[in-house]
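Hi,

Here is the structure I promised to pass on.

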Protein chains: 2
Amino acid sequence: MFPPGTTVRSPAAMLSLNTATLRPQWSLAECIDGCERHGLGGISPWRDKLQELGVAEAARRIADAGLAVTGLCRGGLFTAADAAGRAAAIDDNRRAIDEAAAIRAACLVLVCGGLAPGSRDLTGARQQVADGIAAILPHARAAGVPLAIEPLHPVYCADRCCINTLDQALDLCDPLGEGVGVAVDVYHVWWDPAVRPAIARAGTTGRLLAFHVCDWLVPTRDPLLDRGMMGDGVIDILGFRRAVEAAGFQGPNEVEIFSELNWWKRDPDEVLQVAVERNAACLG
Amino acid sequence: MFPPGTTVRSPAAMLSLNTATLRPQWSLAECIDGCERHGLGGISPWRDKLQELGVAEAARRIADAGLAVTGLCRGGLFTAADAAGRAAAIDDNRRAIDEAAAIRAACLVLVCGGLAPGSRDLTGARQQVADGIAAILPHARAAGVPLAIEPLHPVYCADRCCINTLDQALDLCDPLGEGVGVAVDVYHVWWDPAVRPAIARAGTTGRLLAFHVCDWLVPTRDPLLDRGMMGDGVIDILGFRRAVEAAGFQGPNEVEIFSELNWWKRDPDEVLQVAVERNAACLG
């Protein structure tokens, strides 16, 4: 039916649900059932929902539903005011790696942390991130879990993540060698005039581990919790999909929408249905 | 009293008032009087306030008060859905250049425009900006008004300005030759991992035309109108001041605070007094 070498790329099979998209509505068990019901190809749980269900039980259910695990959200948050805080973060990241291994996640997504409270030392914060990733990398390699540094939009630099461009994330990766790469979220990188060559660079160096989609609304009413459904904003998502594919990425689009004002208030089955429909226009 | 070669750098004399800081409280005439009363070294009017007072009258009063004009805000907004809109923007920028010349402004600050309504073509928008600046540059040169491209924080990429890093602004300048440079606002560039070498680059190429200060609050409650007073946020303003001075910039710090939630509600004389006090810690 299809020419040799082609694959069926249905909008559902090429979509993975990041559970943040239905954070207030569904438990992980409900998300797994929903993904299976709507024919999604993958899932990407957050740790709080994973722990709620239990890691072993979650792993079993996800495998039974035939879902790929495109990531575990999230590790990181390496920056802290003192050494004890940084050590605690590293311990917690090791536990996150173990959880990611248990559910066979394609990667552990790292949201690296912002400035420690009271600090203006951005260079120091960025060094803490580099040190933190280096500290957990041996454990990640031993567990077979790639670490995916997710550059976050510069609007989050102070309080969430001081890694703010794809090139900056790749600069962190290069001296570390294997086992660490990047997660590209269109929401965070769409504005960056250097992002297209950076995506190619990520592909060339084999570091393109995940691809997240949603949209940037105009106006954005809340910097954190007003992300849009694909198609409702200004991001050229299809252009980004083509760019990551050209760089060798074959995984599904992972939909991750924080939307207190809209999608978090809707019926979860409607959200999944719309996400699948919209994903059709986001595939090359 | 001072060693040869040193200059008196009082926190007041080294401060210029961007009139947006007192937008709802004071007219331009009141701003000029206030700057004189508090001993400020400069002023940077917005065009609406300038037109309200009248350009000639404003020029006379500013000169009488002995204030340097560190900039006129603002030109730009080059992006539009059609050719007529882009032509209208260019006409308006020429009028802004004439106004800047009349008040002897050190530069015309350009906020370049975001995506045209309904557009997702960021590359096209950026080309429209480049074309717009090229179109007005001859008029600016003839009038003796340097154009200062102000890169805006990426959070404004969609709706206000698609020029979002200092390097991107300098890349626009380079092919255009003389008469165009950059305005560095710490609020917009503080997060950028490449900003320090970019500041040095701006200095080397003689393009460092203005330096704006305020602070990034944590949390930021509104992406547009919740800027902080110097010292109340996380930006290493002194570090940036030292960097621009090392790059050859000698002008005052221009304070520009959009603060619907705080400073716009206060007594204007209090705002100026606090700004002067805080500026002491922002000078190298």
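This is a predicted model: local features need pLDDT of at least 70, side-chain atom pairs count only at pLDDT 80 or more; totals for chains, interfaces and linings use all residues.

Before the strands come up: two strands count as paired if DSSP finds at least two bridges between them. Helices (H or I, at least four residues) and strands (E, at least two) are DSSP runs, numbered from the N terminus.

Residues are numbered from 1 along each chain as its sequence is written, while chains are lettered from A and ligands numbered from 1 in the order in which they are written.

**Chain A overall**

Chain A has 10 helices and nine strands. Its radius of gyration is 18 Å, close to the 19 Å of the globule rule for 284 residues, so chain A is as compact as a globular protein of that length. (The radius is taken over C-alpha atoms, and the rule is 2.2 Å times the number of residues to the power 0.38.) Along the principal axes, the C-alpha atoms of chain A fill a box of roughly 55 × 45 × 45 Å.

Of the 284 residues of chain A, 55% are buried. Buried here is 20 or more other C-beta atoms within 10 Å of the residue's own, exposed is 12 or fewer, and partly exposed is in between, with C-beta atoms placed from the backbone. As for contacts (C-beta atoms, placed from the backbone, within 7 Å), 79% of those in chain A with a separation of 6 or more are between residues 24 or more positions apart.

**The two copies**

How does chain A superpose on chain B? A rotation of 180° with 0.0 Å of shift along its axis does it, at an RMSD of 0.0 Å. That is how a two-fold axis relates things.

At the interface, 21 residues of chain A are in contact with 21 residues of chain B. The chain A side that touches chain B divides into 13 nonpolar, five polar and three charged residues. For those classes, Ala, Val, Leu, Ile, Met, Phe, Trp, Tyr, Cys and Pro are nonpolar, Asp, Glu, Lys and Arg are charged, and the others, Gly among them, are polar.

**Sheet and core**

In chain B, an open sheet of nine strands runs S3-S2-S1-S9-S8-S7-S6-S5-S4, with parallel pairing. Its edges are S3 (68-69) and S4 (72-76) of chain B, each pairing on one side only.

Over in chain A, S8 (residues 208-213) has six of its six residues buried, so the strand is largely enclosed by the rest of the structure. S8(A) pairs in the parallel sense with S7 (residues 180-185) of chain A over four bridges, and with S9 (residues 253-255) of chain A over two. Val182(A) has Leu208(A) as its bridge partner in S8(A), and His212(A) stands opposite Glu254(A) in S9(A).

Val182(A) turns up again in the largest nonpolar core: of its 198 residues, Leu108(A), Val182(A), Leu108(B) and Val182(B) touch the most other members. A core here is a set of buried Ala, Val, Leu, Ile, Met, Phe, Trp, Tyr and Cys residues joined through C-beta atoms within 7 Å. Among the residues that Val182(A) touches are Ala148(A), Leu166(A), Cys173(A) and Leu209(A).

Leu108(A) sits in S5 (residues 108-111) of chain A, where Leu108(A) and Leu110(A) point one way, Val109(A) and Val111(A) the other, and all are buried. S4 (residues 72-76) of chain A pairs with S5(A) in the parallel sense over four bridges, and Cys73(A) has Val109(A) as its bridge partner.

**Backbone spots in chain B**

Which residues does a cis peptide bond join? Cys73(B) and Arg74(B) are one such pair, with omega about 0°, and Arg74(B) lies in S4 of chain B. Val218(B) and Pro219(B) are also joined by a cis bond, omega again about 0°; Pro219(B) is in the loop between S8 and helix H9 (237-246) of chain B.

Leu77(B), which is not a glycine, has a positive phi near 50°. Leu77(B) counts as buried because it has 21 C-beta neighbours inside 10 Å. Arg104(B) also has a positive phi, near 55°, but counts as partly exposed, with 14 such neighbours inside 10 Å.

Cheers

Definitions and conventions. Two residues are in contact if their C-beta atoms, placed from the backbone, lie within 7 Å. Copies are superposed by least squares on the C-alpha atoms of residues with pLDDT of at least 70 in both. Lists of a residue's contacts leave out its neighbours within four places in sequence.
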